[in-house]
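Let's take a walk through a protein model together. Keep the picture open while you read.

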Amino acid sequence: MFEDFVRENNLQGYRLKQLYQQYYTEAIESWDALTTWPLDLREKLKKAIPFSKLENFQEYVSEDRKTIKALSFTKEGFPVETVLMKYSKRNTICVSCMSGCPVGCTFCATGQMGFNKNLDTQEIVDQVLYFKRKLSKEGEKITNIVYMGMGEPMLNLENVVRSIDILTDPEKVALGKRRITVSTVGYIEQLDQFLSMDLGVKIALSLHAPNQELREKLMPTAAKNNPLNKLMEVLKDYQERTNKKITYEYILIKDINDKEEHAEELAELLKGQIALVNLIRLNPSPLIPFKPSSMNKTRLFQAILNEEGINNTLRYSYGDEINAACGQLANIQRNAKQNH
Ligand code: SAH
Ligand code: SF4
């Protein structure tokens with residue numbers, strides 16, 4: 001995009017560096033602030049490339065003001081949701097790689113809203129820059145990025161990879177690779193391809209069930225075509241090759257996948273791996289037919305994993321009341337305070 005502009009206008013290479021520095025690193029607020037470029041060139045750029053492809057950002061702020069959801073729209077008018085979470089000295093941005101999601105997992109509000117489109121590279125990066133600009137005004141920085149908003153990264157791999165390149169390029173957004181986590185439901189072929197690229201980012205696998213049968217019930221589209229045993233082989237290979245920890249996400253759903261036998265089976269499945277199980281109590285949504293496991297069940301599940309020596313954490317979900325928690329990104333606004 002910028003590269004084409006520079007080439008087409010016969011500009012010298014340093015112009016591109018200036019642009020990267022101000023646009024990505026400093027996170028300027030508009031093309032007018034691109035002060036390292038002469039005015040005529042800036043005006044030309046303004047006509048050729050939109051400052052942000054995503055438009056009409058609206059913010060929804062949680063009561064404790066620590067979670068902010070930004071709703072924006074693509075040129076076609078499709079909704080995109082991005083969440084900033086300000087917790088434990090971290091500023092984590094949860095980005096979407098699609099508007100909606102075609103995978104249709106039964107517990108996920110995004111999955112239930114259907115699929116609009118894959119976001120392009122710029123639309124993914126726009127979400128990060130939006131919050132980078134906001135944080136920068138408060139004297140703060142982005143510390144982490146998670147690809148855990150709307151959409152399945154493996155089904156939009158090219159744009160996800162390109163966006164990671166921009167976010168980690170020292171001349172651009174310059175974030176550390178280990179500060180980025182890509183979460184996937186596990187499309188084997190694409191995941192294998194992604195892992196072999198060795199981008200150095202963290203991987204989170206949305207497991208949610210310890211066996212094929214239950215996985216098929218919860219996430220039919222993804223699980224049927226991507227058998228659990230094959231998926232685990234790909235992840236084990238990666239693990240052995242890189243020695244990097246893999247996070248397994250496991251949503252606890254009342255009476256569905258939260259029994260003692262499920263915890264035992266999960267421990268068996270992950271034995272011998274450097275794994276971290278991220279337990280998440282289901283975030284309820286009017287769009288889904290499930291309830292979260294009770295706190296008692298959750299603690300019991302956790303105790304079994306501990307007993308079996310499986311590393312685990314219980315993730316608290318933030319932003320519930322503004323529908324900004326995981327699996328709630330579906331462009332439905334209830335009881336939300338809106339900042340224009
Ligand atoms: N498509 C990818 C990334 C986006 S979803 C994936 O599924 O991994 C991000 C995370 O939110 C996933 O772990 C997903 O399983 C979880 N999630 C979806 N619905 C949820 C719900 N109702 N409650 C809690 N977590 C949910
Ligand atoms: Fe898509 Fe992930 Fe939701 Fe499944 S859980 S529908 S893959 S966003």
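## Before we start

Keep in mind that this is a predicted model.

## Around ligand 1

Start with ligand 1, which has 21 residues around it. The closest are Phe107, Ser183, Ser206, His208 and Asn283. By type, the shell around ligand 1 splits into eleven nonpolar residues, eight polar ones and two charged ones.

Now for some polar atoms. A polar backbone atom of Phe107 sits 2.8 Å from a nitrogen atom of ligand 1. The side chain of Glu152 has a polar atom 3.1 Å from a nitrogen atom of the ligand. On the side chain of Glu249, an N or O atom is 3.3 Å from an oxygen atom of ligand 1. How much of the ligand's accessible area does the protein cover? On its own, ligand 1 has 530 Å² of accessible area, and the protein covers 96% of that.

## Around ligand 2

Next, have a look at ligand 2. Its surroundings are Cys101, Val103, Gly104, Cys105, Phe107, Cys108, Gly111, Gly151, Glu152 and Val185. Sort this shell by type and you get six nonpolar residues, three polar ones and one charged one.

Helix α3 covers residues 39–48, and its buried residues are Leu41, Arg42 and Leu45. Why do we say they line one face of the helix? Look down the axis of α3: the buried residues fall within an arc of 100 degrees, so they line one face.

What covers these buried residues? The cover includes α1 (2–8) and α2 (13–25). Turn to the face of α3 that points away from the buried side, and you'll find the exposed residues Leu39, Asp40 and Lys47.

Last stop: Leu279, in strand β11 (residues 275–281). Is Leu279 buried or exposed? Its relative accessible area is 0%, and buried means under 20%, so Leu279 counts as buried.

Setting aside neighbours within four places in sequence, Leu279 is in contact with Tyr250, Leu252, Phe301, Gln302, Leu305, Asn312, Thr313, Leu314 and Arg315. Take Asn312 from that list: Leu279 and Asn312 are 33 residues apart in sequence, while their C-alpha atoms are 7.1 Å apart in space.

Conventions
Residues are numbered from 1 along each chain as its sequence is written. Chains are lettered from A and ligands numbered from 1 in the order in which they are written. This is a predicted model: local features need pLDDT of at least 70, side-chain atom pairs count only at pLDDT 80 or more; totals for chains, interfaces and linings use all residues. Side-chain values use heavy atoms; hydrogens and water are left out. A residue is near a molecule or strand if one of its heavy atoms lies within 4 Å of it. A polar contact is a pair of N or O atoms within 3.5 Å; within protein, one must be able to donate a hydrogen and the other to accept it, and residues adjacent in sequence count only if both atoms are side-chain atoms. Accessible areas come from the Shrake-Rupley method with a 1.4 Å probe; for residues, only the protein chains shown count as cover. Ala, Val, Leu, Ile, Met, Phe, Trp, Tyr, Cys and Pro count as nonpolar, Asp, Glu, Lys and Arg as charged, and the others, Gly among them, as polar. Buried means under 20% relative accessible area, exposed over 50%, partly exposed in between (1.4 Å probe, protein chains only). Helices (H or I, at least four residues) and strands (E, at least two) are DSSP runs, numbered from the N terminus. The arc is that of the directions from the helix axis to the C-beta atoms. Contact means heavy atoms within 4.5 Å.
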